[in-house]
Amino acid sequence: MDTVIEKQTEAPLSAEDSAELVARLAARARAAQKVLAGMSDADKAAALRAAAAALRDHAGEILSANAKDIAAGKERGLSGAMLDRLKLDEDRLEGIAAAVENVADLPDPVGQVIDRSERPNGLQFARVRVPVGVIGIIYESRPNVTADAATLCVRAGNAAILRGGSEAVHSNRAINKALAEGLAKGGVPGGAVQLIPTQDRAAVGAMLKAAGLIDMIVPRGGKSLVARVQDEARVPVLAHLDGINHTFIHASADQAMAEDIALNAKLRRTGICGAMETLLIDKAYPHATSVVKKLLDADCEIRGDAAVQKLDPRVKPASDEDWDTEYLEAIASVAIVDGMDAALDHIAAHSSGHTDAIVASDADAIETFLNGVDSAIVMANASSQFADGGEFGLGAEIGIATGRLHARGPVALEGLTTYKWQVRGTGQTRP
């Protein structure tokens, strides 16, 4: 069984060295994926439970490594939201381990029959889920992605090559080490989950150009990362774009519900991709001043249009750029809109296609919004902070796909599979 672990290095790599490194990791991953593909549902689940146990056993080491990343982040001047994305504590680490167990408990998607049909000539057709193969995941500051990505890939029969951001380098290495130990106890080859052993950006470039070696790239991070991946990739990409998410308070909205949802959507955790960035308030909604005041009183900076500025002197004027900004901070852009059509027009012009929500009591308004907004996730009377694979009952997620092909919304087990056609005959020949 392949248990080789690449030596960590901070030395700069040439393009040639990076290509050689990625080719070596990919070859190891391909061999491991063949083993994974032959493992039973029960064996994969048992291996993931062993991985969860290893995360708990090595909690002290992981939290100590995370403390190094937090200290370095403060020295680098990372924002409060970025530090929150980076931070681990006992509760968050337990949440990561529990998410691994949740994925172990989910049904194995591999081998599921999507549909069957029979032709008049007697040929029987079936579409059956199969693993994608070798998946490269490129992500930034959230160390939980190391565990989520590895877990989901293994459960769906894929090998994973992980490249985390420099902000979380010590945390990622500690988590990966614990996962590898647990998975190995369950019979999963070491090549099934590999962390790129360098933070050199040349390694990212080599992953993006590894056509034929890596089957799919999943970027999870800010706009600049996703833009680079989409620009340079020669490997199919499952894109996760930024979360310019809207909440629209309709004229019929219950006041208490609207205020609770607006505050939670913006301020529960400002640094996650499901956080609300823009609040739209129907011109006919009678409690606009109250919801704006509650956000301001909760230390949320508001950048508003002219109508919103009249509601409270603390509101700052919004620029054209604000409507297209993912703040990931306690900042929200707020606009008064003239009814449903204006809200839909604003969202169509400025949403990133991630998550948009309506608060309303009017059933027709809710259906109009749910059908009229073309985003990966559309919600009614719920906080956009629920835009998370775990909250969808998917165990965990590898990202929120905002494109239109292959997968959309929280990408979990099903999104990490493809399918093949199986055709069964009884001797038919084509005339």
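Visitor: Why is E20 called partly exposed?
Guide: E20 has a relative accessibility of 48%. Buried means under 20% relative accessible area and exposed means over 50%, with partly exposed in between (1.4 Å probe, protein chains only), so E20 at 48% lands in the middle class. Bear in mind that this is a predicted model, where local features need pLDDT of at least 70, side-chain atom pairs count only at pLDDT 80 or more, and totals for chains, interfaces and linings use all residues. Residues are numbered from 1 along each chain as its sequence is written, and side-chain values use heavy atoms, with hydrogens and water left out.

Visitor: What makes R24 and E20 a salt bridge?
Guide: The rule asks for a side-chain nitrogen of Lys or Arg within 4 Å of a carboxyl oxygen of Asp or Glu. For R24 and E20 the closest N and O atoms are 3.8 Å apart, so the pair passes. R24 is partly exposed too, at 35%. Helices (H or I, at least four residues) and strands (E, at least two) are DSSP runs, numbered from the N terminus. R24 and E20 are four residues apart in helix α1 (residues 15-37), which puts about one helical turn between them.

Visitor: How many salt bridges does that rule give?
Guide: The count comes to 23. One of them joins R92 and D84, with the closest N and O atoms 2.7 Å apart. R92 at 25% and D84 at 24% both count as partly exposed.

Visitor: What about K266 and E277: buried or exposed?
Guide: Buried: K266 has a relative accessible area of 0%, and E277 is at 0% as well. Their closest N and O atoms are 2.7 Å apart, which makes a salt bridge. K266 lies in helix α10 (residues 255-267) and E277 in strand β8 (residues 276-282), so the pair ties together parts that are 11 residues apart in sequence. Elsewhere, salt bridges that share partners join K293, D297, D312 and R314 into one network.

Visitor: How do you know how many disulfides there are?
Guide: A disulfide is a pair of cysteine sulfur atoms within 2.5 Å, and a search of the whole structure finds zero. Take C153: the closest cysteine sulfur, in C273, is 17 Å away, so that is too far for a bond. For C300 the closest one is again in C273, at 18 Å, also too far. C153 at 0% and C300 at 2% both count as buried.

Visitor: Why are β5 and β6 said to stand at the edges?
Guide: Two strands pair if DSSP finds at least two bridges between them. The open sheet of four strands runs β5-β4-β3-β6, with parallel pairing. β5 (193-195) and β6 (216-220) each have a single partner strand, so one side of each is left without a neighbour in the sheet. Neighbouring strands here are turned by 20° against each other on average, direction ignored.

Visitor: Which helix touches β3 and β5?
Guide: Helix α7 (residues 169-185) packs on the sheet, touching β3 (134-139) and β5, where contact means heavy atoms within 4.5 Å. The direction of α7 makes about 160° with that of β5. Axes are lines fitted to C-alpha atoms, for helices over the stretch in contact, and angles run from 0 to 180 degrees between N-to-C directions. Helix α8 (residues 201-208) lies across β3, β4 and β6, at about 145° to β3.
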